[in-house]
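Please look through the sequence and the structure before reading on.

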Amino acid sequence: MTDNLARKYDAPVPRYTSYPTAPHFQPMDDGEEYGGWLQTLSRDTALSLYLHVPFCRQMCWYCGCNTKISQKDEPIAQYAAALRAELATVIKALPGRFTVSHVHWGGGTPSILAPDDFTSIMDMINTYFDYSENAERAIEIDPRTLDASVVEAMVAGGINRASLGVQDFNIKVQRAINRVQSFEATKAAVDSLRANGIERLNFDLMYGLPLQTVEDVRKTVALSHSLKPDRIALFGYAHVPWMKKHMRLINDADLPGTSERIAQAKAAADALLELGYVQIGLDHFARADDDMSLALKNGDLQRNFQGYTTDASDALIGIGASSIGKLPQGYVQNVTSIPDYERRVLNNGFAISKGVAVSTDDKMRREIIERLMCDLAVDLAEVANRYDVTPEYLDDELLRLRSFEEDGLLEISGRKILVLEEGRYLVRTICAVFDTYLGNGPGKHSRAV
């Protein structure tokens with residue numbers, strides 16, 4: 001992708017982990033409507049669970065997550081009690097016993113929970129839900145704080161995949177983002193997990209960080225590969241200091257410009273491809289025999305709030321402060337304030353603050369966007385037919401895509417769209433053509449590149 005094309009199309013756009021996106025959720029009654037949505041789920045609905053732990057021991061200045069720094073264990077234990085309370089309310093609201101295909105612990109740092117608290121929550125899930133064959137139970141961890149007791153609790157709870165934050169191994173970059181993490185500490189965490197039977201591992205890397213160079217990115221990829229992760233996520237740093245005040249601690253002058261960001265992303269992708277990884281959508285890479293690569297090959301790749309996933313569940317239930325759930329009727333999100341969340345779930349059972357019911361048009365556009373994000377291709381006529389609308393319904397969007405085609409970013413054949421390699425890193429901007437909410441109402445987004 002040339003600098004001219006990057007400047008032309010590098011607009012602030014959503015990451016499209018949902019549609020409509022979270023800024024367009026509306027205030028929602030505290031749990032009543034959500035409880036009704038849960039109660040009407042069909043017993044054969046495939047479920048997945050997401051549990052959010054918004055605590056860390058130290059703030060990483062690049063972090064865009066909803067998290068709070070705590071050096072004390074008491075607030076974390078209190079929060080764990082609230083997680084159990086919300087989970088119990090959800091279990092009570094469901095019209096029977098359901099099968100779960102994915103359990104994902106995110107944060108923050110989920111591995112910050114005391115081992116007893118973690119296993120007690122996993123015990124609840126294991127007791128009240130069934131698991132599908134090859135169900136995935138994943139957790140995000142900070143290698144710097146992982147110890148033997150935490151690993152033992154993860155094993156006892158049935159965890160079979162772990163995602164390790166790495167970002168960059170250059171100490172200069174690490175200091176600039178307030179996350180000093182040696183290669184040796186990362187390797188020790190990897191060795192401990194594998195020695196205890198947790199063999200499926202993901203690494204999170206970043207480009208576009210302060211003081212980061214193309215050579216830094218290449219070295220980080222090489223060192224990461226030496227530890228043989230199954231999947232590598234390569235995220236572009238999103239500098240949004242108007243949303244996350246701690247990002248103001250990053251010196252803007254140290255951030256690479258658009259040209260350098262493009263060079264870093266390309267250098268990392270090229271290195272990963274040379275090492276045998278398969279490129280997944282916008283920013284993921286996986287070993288050729290990994291389930292995610294197979295899902296891409298079979299046209300089954302999905303995208304949700306955790307990014308690219310093999311999770312094809314019909315409903316995602318979010319547990320914890322700020323967590324988002326997706327049900328057939330629409331999306332819901334819990335309050336972000338930890339004290340407010342704890343008060344609500346302990347008093348009322350649910351802590352829903354906003355959400356949105358999805359229309360047929362929303363569902364159609366969501367499918368188009370998801371296929372573009374996952375497959376870099378979509379047949380608009382085929383999708384329109386599934387939603388009982390004429391193919392001409394999307395002709396305005398098709399017309400708006402012509403400029404992308406003229407610039408060599410995609411090909412249009414009839415109503416089939418194929419994003420070319422030159423347009424991969426601008427796929428979010430391409431998806432935005434189908435977003436009828438963008439530009440209406442609140443919501444600021446990071447730039448596409």
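Where is Tyr-277 found? Tyr-277 sits in the loop between α9 (258-274) and β10 (278-280). Helices (H or I, at least four residues) and strands (E, at least two) are DSSP runs, numbered from the N terminus.

The model is a predicted one: local features need pLDDT of at least 70, side-chain atom pairs count only at pLDDT 80 or more, and totals for chains, interfaces and linings use all residues. Residues are numbered from 1 along each chain as its sequence is written, and side-chain values use heavy atoms, with hydrogens and water left out.

Tyr-277 is buried, with a relative accessible area of 4%. Here buried means under 20% relative accessible area, exposed means over 50%, and partly exposed is in between (1.4 Å probe, protein chains only). Leaving out residues up to four places away in sequence, Tyr-277 touches His-225, Pro-229, Asp-230, Ile-232, Leu-272, Phe-285, Ala-286 and Arg-287. Contact means heavy atoms within 4.5 Å. The C-alpha atoms of Tyr-277 and Gly-349 are separated by 44 Å, with the two residues 72 residues apart along the chain.

Thr-45 belongs to the loop between α2 (32-39) and β2 (47-53). Its relative accessible area is 9%, so Thr-45 is buried. Beyond residues up to four places away in sequence, Thr-45 touches Phe-98, Thr-99, Asp-314 and Ala-315.

Thr-220 lies in helix α8 (residues 214-226) and counts as buried at 2% relative accessibility. With residues up to four places away in sequence not counted, Thr-220 touches Val-166, Gln-167, Asp-168, Phe-169 and Leu-205.

| Side chain | Backbone atom | Distance |
|---|---|---|
| Thr-45 | oxygen of Ser-42 | 2.8 Å |
| Thr-220 | nitrogen of Phe-169 | 3.1 Å |

**Parallel strands around β8**

Two of the contacts of Thr-220, Gln-167 and Leu-205, also stand opposite each other, with Leu-205 in β8. Strand β7 (residues 161-167) is joined to β8 by six bridges, and the two run parallel. Two strands pair if DSSP finds at least two bridges between them. β8 also pairs with strand β9 (residues 231-236) in the parallel sense, over six bridges. In that pairing, Leu-205 stands opposite Leu-234 in β9. Seven of the eight residues of strand β8 (residues 200-207) are buried, so β8 is largely enclosed by the rest of the structure.

**Antiparallel strands**

Strand β17 (residues 352-357) is joined to strand β1 (residues 26-27) by two bridges, and they run antiparallel. The bridge partner of Pro-27 in β17 is Lys-354. β17 also pairs with strand β16 (residues 330-334) in the antiparallel sense, over five bridges, and there Gly-330 stands opposite Ala-357 in β17.

An open sheet of three strands, paired antiparallel, has the order β18-β20-β19. Because β18 (377-379) and β19 (410-413) stand at the edges with a single partner strand each, one side of each is left without a neighbour in the sheet. On average, neighbouring strands of this sheet are turned by 10 degrees against each other, direction ignored. Axes are lines fitted to C-alpha atoms, for helices over the stretch in contact, and angles run from 0 to 180 degrees between N-to-C directions. β18 and strand β20 (residues 416-419) are joined by three bridges and run antiparallel; Ala-377 has Leu-418 in β20 as its bridge partner.

**Helix α12**

Helix α12 (residues 360-375) lies across β18 and β20 and runs at about 145 degrees to β18. Which element gives the most to the lining of the second largest pocket? That element is α12, with six residues. β12 (302-304), β14 (315-319) and β15 (324-327) are among the other elements that each supply at least two residues of this lining.

Technical notes. Polar contact = N/O pair within 3.5 Å; in protein donor to acceptor, adjacent residues only side chain to side chain.
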